[in-house]
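User: I've got a new model open and I'd like to learn how to read it feature by feature. Can we go through it together?

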Amino acid sequence: MNSNEKFMLRAIKLSKESVDKNGGPFGCIIVKNTKIIAEGSNQVTKNNDPTAHAEIVAIRDACQKLQTFDLSGVELYTSCEPCPMCLSAIYWSHIDKVFYGNTRLDAARIGFDDNFIYDELSIDLNERKIPLKQINQKQALIAFKEWELKEDKIKY
């Protein structure tokens, strides 16, 4: 068994443990230099937090342990293809590579269907299920202008 398979089996084990604890069937690990540095399992119902997906939990753990928001140089192993939120977090955190077990179609078959989010992203803002209405742009732009001019900003 190669190391990729070994790491994926750990993510799968975390997904099974989550089911045993009445959580969603998702597990994730983050690896740096062939060593597991962070783990996560679905904590949505446990923490009453809809953002507490396995990947998000693992990313938060890795960032805390490494004391950085930039996870360049790490690989993520997850028991299921990441949802749109988790995929966004993966991109924002600069993770190098993702390995996954189940597909989003497998997840949809058991009630975790994210296709409506993918569909919503392609719809005009005014046509989406949750209305988006822009207000107070002039005031909101002040912080953006301050950021743009700030010389000692930490870019991410």
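Predicted model: local features only at pLDDT ≥ 70, side-chain atom pairs only at ≥ 80, totals over all residues.

User: Okay, what about the overall fold? Which pattern do the helices and strands follow along the sequence?

Analyst: Count the elements, then read their order. The protein chain has seven helices and four strands, and they run as α-β-β-α-α-β-α-β-α-α-α. The C-alpha trace spans about 55 × 40 × 25 Å along its principal axes. For contacts with a separation of 6 or more, 47% are between residues 24 or more positions apart.

User: And how much of the chain is buried?

Analyst: Of the 156 residues, 28% count as buried.

User: Let's zoom in on one helix. Which residues of helix 4 are buried, and what covers them?

Analyst: For a helix, list the buried positions and then look for what packs over them. Helix 4 covers residues 84–92, and its buried residues are Pro-84, Cys-86, Ala-89 and Ile-90. Their cover includes helix 3, strand 3, strand 4 (97–102) and helix 6 (115–121). Check the backbone just after helix 4 too: His-94 has a positive phi of about 65° there.

User: Next, the loop between helix 3 and strand 3. Where is Gly-73, and what does it touch?

Analyst: Gly-73 sits in that loop. Leaving out residues up to four places away in sequence, Gly-73 touches Val-31, Lys-32 and Asp-96.

User: Why does Gly-73 count as partly exposed?

Analyst: Compare its relative accessible area with the cut-offs: buried is under 20% and exposed is over 50%. Gly-73 is at 39%, so it's partly exposed.

User: Which residues make the nonpolar surface patch?

Analyst: Phe-69, Trp-147, Ile-154 and Tyr-156 make a patch of about 510 Å². Phe-69 belongs to the loop between helix 3 (54–66) and strand 3 (74–80). Phe-69 counts as partly exposed because its relative accessibility is 44%.

Methods. Residues numbered from 1 in each chain as written. Heavy atoms only, no water. Patch = residues over 30% accessible without salt bridge, like charges linked within 9 Å, V, L, I, M, F, W, Y side chains within 5 Å. Areas by Shrake-Rupley, 256 points an atom, 1.4 Å probe, with all protein chains shown as cover. Salt bridge = Lys/Arg side-chain N within 4 Å of Asp/Glu carboxyl O. Helix = DSSP H or I, 4+ residues; strand = E, 2+ residues; numbered from the N terminus. Buried < 20%, exposed > 50% of the residue type's maximum accessible area, 1.4 Å probe, protein only. Contact = heavy atoms within 4.5 Å.
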